[in-house]
Amino acid sequence: MRSDGIIVAIDGPAGVGKSTVGKLVAGRLGYRFISTGKMYRALAWKALETGAGLEDDEKLVALAGSLKWEFPRGSGPEADVSLDGRRLALELAEERVSKASSGIARLAGVRLFMRGMQREAGLNGGVVMEGRDIGTNVFPDAELKIYLDASPQARAARRTSQLRGQGLEADYAQILDFIIKRDAQDSGRKNNPLKKAEDAFYLDSTVMPRDKVVDAILELFRTRVEDLKI
Ligand code: C5P
């Protein structure tokens with residue numbers, strides 16, 4: 001048994017709400033929340049800033065290894081990513097960073113580096129970790145695995161209203177196109193593609209409100225913990 005609790009792995013495509021839902025679940029359980037996408041985003045951001053290039057796996061691994069990675073805890077359950085003492089937040093949400101992160105996430109060396117860091121961060125349990133390959137590759141032995149899905153249209157609509165709610169311009173058709181392209185890249189890549197682990201629970205949130213998704217995961221958690229007798 002892990003010292004701090006179990007590992008809850010949440011995988012699924014871009015814009016499905018893994019972070020929102022994961023943070024709420026972690027908050028209710030008193031668990032840490034780790035977004036592994038942020039790690040890929042942080043490296044992509046650094047590569048863009050330093051002009052390191054986005055295609056050379058070896059160079060990117062060397063860059064990743066040269067950085068001081070820290071995951072300081074904020075006020076909520078979510079850890080921020082800090083590189084060489086610089087805490088990254090809004091930078092990671094930029095469109096160019098989303099695109100670049102999906103690009104570098106194809107590379108085998110980069111993925112291996114990230115996996116090592118993610119395993120270290122979650123090994124003791126007591127964590128909700130979200131990404132694309134947590135249940136299949138990073139923690140195939142996670143005690144609870146969720147695959148969260150929703151139609152591309154529903155995800156694009158949510159993203160559009162989220163941006164507009166923040167007073168930002170958002171074009172639904174463009175966002176939908178972007179989501180479909182990122183899905184294709186994340187599911188079609190050779191190394192650890194996005195896919196449901198065989199033993200993951202499939203939740204389709206296309207017409208399911210967020211709080212229902214959270215409740216469903218908490219219920220699965222309770223059942224699982226009971227089964228495990230912990
Ligand atoms: O989840 P998020 O959109 O922040 O992830 C950014 C990118 O990082 C994704 O498009 C995906 O290609 C990559 N990623 C991954 N494996 C993970 C988490 C993210 O390949 N576990």
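**A ligand and the pocket around it**

Let's start at the ligand itself, where one of its oxygen atoms comes 2.6 Å from an N or O atom in the side chain of Arg41. Keep in mind as you look that this is a predicted model. Within it, the ligand is well wrapped: of the 450 Å² of accessible area that the ligand has on its own, the protein covers 95%.

The side chain of Arg132 places an N or O atom 2.9 Å from an oxygen atom of the ligand.

Now widen the view to the whole shell. The ligand is surrounded by 15 residues, and the closest of them are Arg41, Arg111, Asp133, Arg182 and Asp186. Sorted by class, the shell has seven charged residues, five polar and three nonpolar. Which helices supply at least two residues of this shell? They are helix H2 (36-50), helix H4 (95-104) and helix H8 (172-188). Arg41, where we began, falls within the range of H2.

From here, step back to the space that holds the ligand. The ligand sits in the largest pocket, and that pocket contains about 1500 Å³ of space. Its lining is made up of 49 residues, with Ser19, Arg41, Ala93, Arg159 and Arg182 lying nearest the centre. Several elements give two or more residues to this lining: helix H1 (18-29), H2, H4, strand E6 (127-131), helix H7 (152-165) and H8.

What is the make-up of the pocket lining by class? It has 20 charged, 15 nonpolar and 14 polar residues.

Key
Residues are numbered from 1 along each chain as its sequence is written. This is a predicted model: local features need pLDDT of at least 70, side-chain atom pairs count only at pLDDT 80 or more; totals for chains, interfaces and linings use all residues. Side-chain values use heavy atoms; hydrogens and water are left out. A residue is near a molecule or strand if one of its heavy atoms lies within 4 Å of it. A polar contact is a pair of N or O atoms within 3.5 Å; within protein, one must be able to donate a hydrogen and the other to accept it, and residues adjacent in sequence count only if both atoms are side-chain atoms. Accessible areas come from the Shrake-Rupley method with a 1.4 Å probe; for residues, only the protein chains shown count as cover. On a 1 Å grid over the protein atoms alone, a cavity is a set of points where a 1.4 Å probe fits but cannot get out, and a pocket is an open set with protein on both sides within 12 Å along at least five of seven lines; lining residues have an atom within 4 Å of a point. A molecule sits in a cavity or pocket if more than half of its atoms lie within 2 Å of its grid points. Helices (H or I, at least four residues) and strands (E, at least two) are DSSP runs, numbered from the N terminus. Ala, Val, Leu, Ile, Met, Phe, Trp, Tyr, Cys and Pro count as nonpolar, Asp, Glu, Lys and Arg as charged, and the others, Gly among them, as polar. Grid points are joined across faces, edges and corners, and a volume is the space filled by probe spheres set on the points.
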